Amino acid sequence: MCGLAGLLRPTPDTDAARLDALAGAMGDALAHRGPDDRGVWVDDTAGIALAHRRLSILDLSPLGHQPMASEDRRYVVVYNGEIYNFAELREVLVARGHVFRGHSDTEVLLAAVMEWGVEEAISRCNGMFAIALWDKQERALWLARDRVGKKPLYYGWAGGTFVFGSELKALWRHPEFDNGVDPDALALLLRLDYIPAPHAIHVDTFKLVPGSLLRIDAATVARGSVEHDPQREQRRYWEPRERMSAALADPFKGDVLEAENRLDELLRDAVALRMVADVPVGVFLSGGTDSSIVTSLMQAQSRHPVCSFTIGFERSHHDEAHLAREVAEHLHTQHTELYVSGADALAVVPTLPAMFDEPFADASQVPTALVARLARTEVTVALSGDGGDELFYGYKRYDRALRNWRWQRRVPAPIRRALAGSAKQHGEASRTGGFAALAAEMGARGIGDVYRQRVARWRDPEAVVTGAALPATFYDQPDPLHGSGTPADAMMLADFSVYLPEDLLCKVDRTSMAVSLEARAPLLDWRVAEFAWSLPLDFKRQPSGNKHLLKRVLRRYLPDSMVDRGKRGFGAPVSAWLKGDLREWASALLDPARLRSEGHFDADAVHGLWREFLGGERKWHTHLWNVLMFQAWLEHWQAQRRDVRAP
């Protein structure tokens, strides 16, 4: 795992020393992602510079150093991630005459590009990655992101320079990156708790969409952001809706036992591939279905006890440590658990803006940061159970949305329209449950509209964010599957396309990389995803509970008592924090005079919710938390920019 950064000028008007200094500073901002090595490559005749920070996982020798040039010297790459099938690709490439000096997956990636070209090479890779590759022959820069979006990649304009990096802090180090806050992106934050790709918090700044490629040359840079359409110019080499539709059109033909055998086989291979490393490997274990199955499959394929890690919470209903301990004892893992106090958790909150770089308001970021820190004391790589809910129907909100959708279709259309119109009078109150919430869903055109109400925070963020026009996302489509599959499939697709990469995987990436830990998610192997999409819904959803097929596989490794457990969230007691130890911090950030001065929010509306919350009238903690995460981020970003300008 690593950090990458770089820049491309519209004309070769900057000398090599200056390019080296600029790219080097951008890369050094990512030292936490790669503390083991540093590299910068410059071609001043083309105006290109690439920087890399390395966390050594495969081939710890200098032969794994980046930026790395291809054997024919045509390509130069900086790359963050792991290509899990690199050994298989290497065998094919050796047979075709390629010669390798080391055994890193980076060298295999470059040989694959030489052999098949950029797009086909990327499509052959099974892994998690963000890639920046310079083609000397065509004088073109390629950016690529893995299929699911496990690794981040930002890009944008700093004045007339095209800049890119694993995190925004790299872009901030360019002295001309004075891009302000994008109010439309801020509205998305209030709606979802995160900002989905291709949007980013700054104007003229974007995130590469998962499964996408972007080709940039000097002529494109010269045209600048004015003519840039991030949706149109990003090419999808793997698109979830297309792949799910294809899987649904060619469904799995066997019975549930055959499906169980096939899933066990796929997961075993996915886990085994992700256990390959030249450094210690462990696993995050919560005791739930997903982390338990990953841990079970690791231990089944390991000659030694697997290192497992769990965080427990003192005097909290969020505590799951005892569940994880039971699983660890049954599997005989080398288990480490750490019980943390409320003070330990609260101490993480001030570090969140620097950790995430972009405002991010999923409060489970706090316990995730704590378990990543714990794991890093013993291992450099940790496997996680991310993806099981989105692929195997794990969320209770799916059932609630389906129930509401069935109810609505029984209500005559004129009554539905009248109720939907009345919901507008309730404003944000329609988000907190009861009749107002039900009325707000009555205008639904399809399951997508109903489900959006399950995942949205602020109902109408445009009313509170100054100058915002809320961009459409995947969640705004009435039928995300465009007529294929069931309503349940459509909801899982929406979460897989948006919530999974932009919330869950972002959270794990930032918290793990903040402590130089690589996190890997075997359930999100693309082969597992496409198999899951081919399954009939009743293989996932049963009256006895959800994630049926996953649990059938898990019963091969654990007793029923450790499988049949209700789903629990990996959450944080935000409401108690804001009324307790964080009250003074929150009051300062939500001060009406401060909000008016900064100009991003309707100060009266935001402070009104704060007063209501403190008075106990409504459960506004989720609304307030994403505003607070923006406010804390804004303070951090402005301080960072002052530091860059100071010299």
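Predicted model: local features only at pLDDT ≥ 70, side-chain atom pairs only at ≥ 80, totals over all residues.
Two strands count as paired if DSSP finds at least two bridges between them. Trp41 stands opposite Leu50 in E3. The hairpin of E2 and E3 has 4 residues between the strands, and Gly47 takes a positive phi near 70° there.

A sheet of 6 strands comes next. The sheet is open, its order is E4-E5-E6-E7-E11-E12, and its pairing is antiparallel. E4 and strand E12 (235–236) each have a single partner strand and stand at the edges, so one side of each is left without a neighbour in the sheet. Inside that order, E6 and strand E7 (residues 140–145) pair in the antiparallel sense over 6 bridges.

Helix H3 (residues 105–116) consists of 12 residues, and the distance from its first C-alpha to its last is 16 Å, close to the 16 Å expected at 1.5 Å a residue. Because 10 of the 12 residues of H3 are buried, the helix is largely enclosed by the rest of the structure. The buried residues include Asp105, Thr106 and Glu107 as well as Val108, Leu109, Leu110 and Trp116. Among the elements that cover the buried residues of H3 are strand E4 (68–69), strand E5 (75–83) and strand E6 (127–135), together with helix H2 (86–95) and helix H4 (118–124). Just after H3, Gly117 takes a positive phi of about 85°.

The largest nonpolar core has 189 residues, and Trp577, Leu578 and Trp625 touch the most other members. Helix H21 (residues 487–513) supplies the largest share of this core, 15 residues. Leaving aside neighbours within four places in sequence, Trp577 is in contact with Ala345, Leu346, Val349, Val366, Ala572, Leu582, Arg583 and Trp625. Another core, of 23 residues, lies apart from the largest one, and its members include Leu8, Val76, Leu208 and Ile216.

Aromatic rings form a further set of contacts. A pair of aromatic rings is described by the distance of the centres and the angle of the planes. With centres within 6.5 Å as the limit, the count comes to 22 aromatic pairs. One of them joins Phe162 and Phe164, whose centres are 6.2 Å apart and whose planes make an angle of 40°, a tilted pair. Phe162 counts as buried because its relative accessibility is 0%, and Phe164 is buried with a relative accessible area of 0%. Phe601 and Phe630 have ring centres 5.5 Å apart and planes at 90°, so this pair is edge-to-face. Phe601 lies in the loop between helix H27 (592–598) and helix H28 (603–614), while Phe630 is in helix H29 (residues 621–645); the pair links distant parts of the chain, 29 residues apart. Both Phe601 and Phe630 are buried.

Ring pairs also link Tyr194, Tyr393, Tyr395, Tyr398, Tyr451, Tyr475 and Tyr499 into a cluster. Within this cluster, Tyr395 has Arg397 over its face, at 4.0 Å from the ring centre. Lys579 lies over the face of Phe613, at 4.7 Å from the ring centre.

Methods. Residues numbered from 1 in each chain as written. Heavy atoms only, no water. Phe/Tyr/Trp six-rings, centres within 6.5 Å; stacked < 30°, edge-to-face > 60°. Buried < 20%, exposed > 50% of the residue type's maximum accessible area, 1.4 Å probe, protein only. Helix = DSSP H or I, 4+ residues; strand = E, 2+ residues; numbered from the N terminus. Lys NZ or Arg CZ within 6 Å of the ring centre and 35° of its normal. Expected span 1.5 Å × (residues − 1). Contact = heavy atoms within 4.5 Å. Core = buried A, V, L, I, M, F, W, Y, C linked by side-chain atoms within 4.5 Å.
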